[in-house]
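The following note sets out points for discussion on the model shown below.

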Amino acid sequence: MTTLIKGGTVVGPTGATRADVLIDGETVTALFAPGQAPDGPEIIDATGKYVIPGAVDAHTHMELPFGGTHASDTFDTGTRAAAIGGTTTIIDFAVQRYGEVVQDGLAAWHGKAEGNCHIDYAFHMILGGVGDESLKAMDQLVASEGISSFKLFMAYPGVFYSDDGQILRAMQKARDNGAMIMMHAENGPAIDVLVKQALERGETDPIHHGLTRPQELEAEATSRAIWLASVAADCPLYIVHLSASKALEQVAHARDRGRNVFAETCPQYLYLTLEDQLGAPGFEGAKWVCSTPLRSRHETHRADLWQGLRTNDLSVVSTDHCPFCFKDQKELGRGDFSRIPNGIGGVEHRVDLLYQGVVDGKLSLARWVETIATTPARMFGLYPRKGVIQPGSDADIVLYDPNGRTRISVETHHMNMDHSAWEGWEIDGRVDTVIARGEVIASGGEYTGRAGRGRYLKRGLSDYLI
Ligand code: DUC
Ligand code: ZN
Ligand code: ZN
């Protein structure tokens with residue numbers, strides 16, 4: 001069946017142009033200047049809308065076991081919410097726990113996702129233990145499993161933590177096989193000292209989660225990761241959930257010297273703060289406990305991160321979607337902030353929240369699309385199948401209404417959470433229609449997709465490899 005998306009403004013990383021998009025089955029087959037398309041196909045009217053590639057969220061944690069509980073979205077609920085919000089591909093993190101065989105961790109993740117996803121999905125691999133076997137497994141995952149990126153943690157001693165020697169070995173392996181090392185860059189052992197001291201002083205409220213993770217410990221770890229990658233013959237390095245000005249300085253400095261270093265940030269760091277959200281009265285701030293933490297409103301983090309997106313020192317915006325309900329989950333940390341499960345849910349709202357940056361004059365239209373769709377696809381080996389509207393690409397397309405409005409609330413969101421980190425936020429724009437591999441799965445507020453239609457995507461190497 002052929003379909004023509006007619007009358008809209010197609011936005012890509014190089015700008016916006018009036019064009020009609022022809023889809024045949026699951027694939028984009030042609031773009032036409034207005035009025036030049038042949039008669040015949042079914043028409044989707046995009047008058048007054050932006051026509052953008054389906055967004056790619058390169059950082060989600062469905063069902064992640066963490067902090068004595070599990071992230072509350074399943075692949076079913078989480079990918080449905082993503083789809084409704086204009087995201088048509090996620091890259092989730094499969095987990096190798098301490099002592100586990102990497103391939104067993106991966107198989108467990110396939111078991112959770114298969115048959116349950118509403119949109120296409122891929123995996124990165126978290127390495128919970130770097131040793132001879134897991135280094136060998138990295139080769140196998142790159143060569144045969146479509147997994148070309150591995151996340152390591154400089155934080156969370158005793159949970160996911162890798163020491164510098166382990167990190168270096170994984171980086172050397174990645175340099176050899178073309179994979180990307182993704183780094184959670186916070187100095188975990190130093191944070192643990194500050195956490196213990198705070199608790200001994202009786203400082204137990206959620207705000208102390210942020211105060212015990214100062215930006216210096218994010219900047220130090222970021223810098224150390226960059227130097228370790230340098231020792232590993234400039235292994236490609238991607239810093240996840242970068243939140244702080246001083247960490248951004250480290251990335252910018254490396255990039256200015258032509259280093260193979262990239263970074264992402266997340267909407268929570270662009271808009272929310274330590275004082276306003278994490279410091280909310282009583283235990284309320286637990287909703288915004290995540291790591292890296294929200295940063296102080298009295299420093300320049302948010303402005304610096306927006307600027308980093310404009311200058312490409314930050315290449316990608318992901319969500320780090322890791323939802324926990326307030327009741328029974330966040331509540332595990334009443335009286336001890338260090339027991340609050342770390343994570344914020346937001347997979348449904350990234351497209352809208354970043355569009356608000358366009359409205360506010362902080363980001364161009366082209367850069368909006370580039371940071372939420374095109375670059376994540378290129379960074380993680382999904383391009384040009386995903387992240388762009390061009391002949392041969394999957395017909396993953398969102399019609400975005402710049403004249404619409406979105407109000408975010410727990411009453412209306414689709415994520416499996418009993419609260420929203422964005423409660424009451426109003427956005428000047430709205431996801432109107434979502435098309436995934438040629439199928440309209442959401443339109444005008446009605447959802448018509450289904451669990452199981454999403455397919456596993458084997459990824460290639462990053463387009464940005466040098
Ligand atoms: N950070 C979070 O906030 N949640 C899950 C893991 C992580 O690194
Ligand atoms: Zn992390
Ligand atoms: Zn994460």
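In which loop is Ala 233 found?

1. Ala 233 is found in the loop between helix 7 (215–231) and strand 15 (237–239); helices (H or I, at least four residues) and strands (E, at least two) are DSSP runs, numbered from the N terminus. The phi of Ala 233 is near 55°, a positive value in a residue other than glycine.

2. On conventions, this is a predicted model, in which local features need pLDDT of at least 70 and side-chain atom pairs count only at pLDDT 80 or more, while totals for chains, interfaces and linings use all residues. Residues are numbered from 1 along each chain as its sequence is written, chains are lettered from A and ligands numbered from 1 in the order in which they are written, and side-chain values use heavy atoms, with hydrogens and water left out.

3. The zinc ion (ligand 3) has His 59 (NE2), His 61 (NE2) and Asp 320 (OD) as its coordinating residues, at 2.0 to 2.2 Å. Donors are N, O and S atoms within 2.8 Å of the metal (3.2 Å for Na, K and Ca); water is not among the atoms, so sites may look incomplete. The spacing of these donor residues in sequence is H-x1-H-x258-D. A distance of 3.8 Å separates the zinc ion (ligand 3) from the zinc ion (ligand 2).

4. His 61 lies in the loop between strand 8 (55–60) and strand 9 (65–66), and Asp 320 in the loop between strand 17 (316–317) and helix 12 (350–359), so the pair ties together parts that are 259 residues apart in sequence. Both His 61 and Asp 320 are buried, where buried means under 20% relative accessible area, exposed over 50% and partly exposed in between (1.4 Å probe, protein chains only). For Asp 320 the relative accessibility is 8%. Asp 320 also has a positive phi of about 55°, although it is not a glycine.

5. With a disulfide taken as a pair of cysteine sulfur atoms within 2.5 Å, the count comes to zero disulfides. Cys 290 is in no disulfide, the nearest cysteine sulfur being that of Cys 266, 7.9 Å away. Cys 290 is buried, with a relative accessible area of 3%. The sulfur of Cys 325 is 12 Å from the closest cysteine sulfur, in Cys 322, which is too far for a bond. Cys 325 counts as buried at 17% relative accessibility.

6. Two cis peptide bonds deserve a remark. One runs from Ser 291 to Thr 292, with omega near 0°, and Thr 292 lies in the loop between helix 10 (274–278) and helix 11 (301–311). Another runs from Tyr 383 to Pro 384, with omega near 5°; Pro 384 is placed in the loop between helix 13 (365–379) and strand 18 (397–401).

7. Helix 2 (residues 102–113) has twelve residues and reaches 17 Å from its first C-alpha to its last, close to the 16 Å expected at 1.5 Å a residue; the expected span is 1.5 Å times one less than the number of residues. Its buried residues include Val 102, Leu 106, Trp 109 and Ala 113. Helix 2 is followed by Gly 115, whose phi is positive, near 80°.
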